[in-house]
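Here's a quick briefing to read alongside the structure.

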Amino acid sequence: MSQAPNTEGARAFASFILSDRGQQLLFHPDIRKLPIKPSVYRNKPEGYFNPFENNPTFIYNGRKGLTRQMQQMEFYHLALAVPQSRHQQDPSVQRGKFLFIQSQCAACHIPQVTTGDFPQLSVLSGKTIMPYSDFLLHDMGPALADGRPDFLASGSEWRTPPLWGIGLANTVDEQAGFLHDGRALTLLEAILWHGGEAEYVKQQVKAMPAQDRQSLIDFLYSL
Amino acid sequence: MASALTIKAALRWPIQTLFIWLMLLSQMSLADTAKVVVMTSYPQEVVSQFEAAFEKQYPQYKLEVLWRQSRDAMAYFKSAHHPVDVYWTPAQRNFVQLEQMHAFQPLNIHLEGLPATLNGFPLREEYTLPS
């Protein structure tokens, strides 16, 4: 940097990062990043990706390389199906679905949305999906606030996360927690962390008879 | 009382000398390991590997790491904070912005065997390009 108090030290550090030794550190299993120095790949671990392979002019052509991979990755994610909801005929699940709408959870966790035009993958255009989200920002109160503004979101605003597939979270990862930082161990705990715009809805859930609350949770686990 | 005074008086000179020596020594050791302030967004796993290897190769330097995510780093640079020696990050847009702010100085290090651009993004300044 122009104001660097230790220019010599800065030069030493930058030289070290770009040296063979520094670049080879990137192969370390805790790091696993791609060195920028093509010659370092001579000592790469077996099976390690070399973006400069068959590219002796050191020009990394995005169209041939990274961009194509990114497009394939994006297409894979776009084409992935959402888990099917389960136990929809279960009376408790049906009661829970009714309570989910009645207690206004569905005001933000909107069950049904129709997609717009999506020329990139036309089968996804005009499709009715069940994400249980409005995909909008809401102030969730001080208990959930991280005090970190991100682009349009203030430090206490969060985007409504879709709930589809949430019932399988613990099937995928036994240790999975809920909410943005995984702090809630159960779905009920996650509900009780809601505040701000969702304070009223949380109070509705707290005031429910225990059996209704269980039905609501059963419904969430069916998604 | 008199003897205590005598002992105190007798110790005063060596203790003072010792203090002067300790001060000199500590300043020497500070001068010996000059700190290099590196701002980065890389996680601990990455930084600690590089820190250990760098300090091993350059024992005269001690790394001081400032962790800042891209946005926080820009806020840091825009306000008058303590100056940083090296900004080490994958946030390429920050580099473009900082260059417009004239926040960099030429490094003048050897860049042989390193690509000049990556996917069309220039990795170095014109004045360091090999002729």
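Let's start with Met1(A), which sits in the segment before H1 of chain A. In this predicted model, local features need pLDDT of at least 70 and side-chain atom pairs count only at pLDDT 80 or more, while totals for chains, interfaces and linings use all residues. Residues are numbered from 1 along each chain as its sequence is written, chains are lettered from A and ligands numbered from 1 in the order in which they are written, and side-chain values use heavy atoms, with hydrogens and water left out.

**Two residues to look at**

- Met1(A) is buried, at a relative accessible area of 12%; buried means under 20%, exposed over 50% and partly exposed in between, with a 1.4 Å probe and protein chains only.
- Not counting residues up to four places away in sequence, Met1(A) touches Phe77(B), Val84(B), Asp85(B), Val86(B), Tyr87(B), Ala103(B), Phe104(B) and Gln105(B); contact means heavy atoms within 4.5 Å.
- Ser215(A) belongs to helix H8 (residues 210–222) of chain A, and it is buried too, with a relative accessible area of 6%.
- With neighbours within four places in sequence left aside, the contacts of Ser215(A) are Ser92(A), Arg95(A), Gly96(A) and Leu99(A).

**The two chains**

- Chain A has 8 helices and 4 strands; helices (H or I, at least four residues) and strands (E, at least two) are DSSP runs numbered from the N terminus.
- Along the sequence, chain A reads α-α-α-α-β-β-β-β-α-α-α-α.
- Of the 223 residues in chain A, 35% are buried.
- For chain B, the tally is 4 helices and 5 strands, in the pattern α-β-α-β-α-β-α-β-β.
- Chain B has 131 residues, and 27% of them count as buried.
- For chain B the accessible surface is about 9,100 Å², 62% of it belonging to carbon and sulfur atoms.

**Where the chains meet**

- On the chain B side, 41 residues are in contact with 38 residues of chain A.
- Together the chains bury about 3,600 Å², 67% of it on carbon and sulfur atoms; buried area is the accessible area (1.4 Å probe) that two parts lose on being put together, summed over both.
- There is 1 salt bridge across the interface, where a salt bridge is a side-chain nitrogen of Lys or Arg within 4 Å of a carboxyl oxygen of Asp or Glu.
- Arg148(A) and Asp72(B) pair their side chains in a salt bridge, at 3.2 Å from N to O.
- The elements giving two or more residues to the side of chain B that touches chain A are E1, H2, E2, helix H3 (70–78), E3 and strand E4 (117–118) of chain B.
- H2(B) provides the largest share of that side, 7 residues.

**Nonpolar cores**

- The largest nonpolar core has 22 residues, and those with the most contacts inside it are Phe13(A), Val36(B), Phe50(B), Phe54(B) and Trp88(B); such a core is a set of buried Ala, Val, Leu, Ile, Met, Phe, Trp, Tyr and Cys residues joined through side-chain atoms within 4.5 Å.
- At least two residues of this core come from each of helix H1 (7–18) of chain A and, in chain B, strand E1 (34–40), helix H2 (44–57), strand E2 (61–67) and strand E3 (86–88).
- Apart from this core lies another, of 21 residues, including Val93(A), Met208(A), Leu216(A) and Leu223(A).

Technical notes: Areas by Shrake-Rupley, 256 points an atom, 1.4 Å probe, with all protein chains shown as cover.
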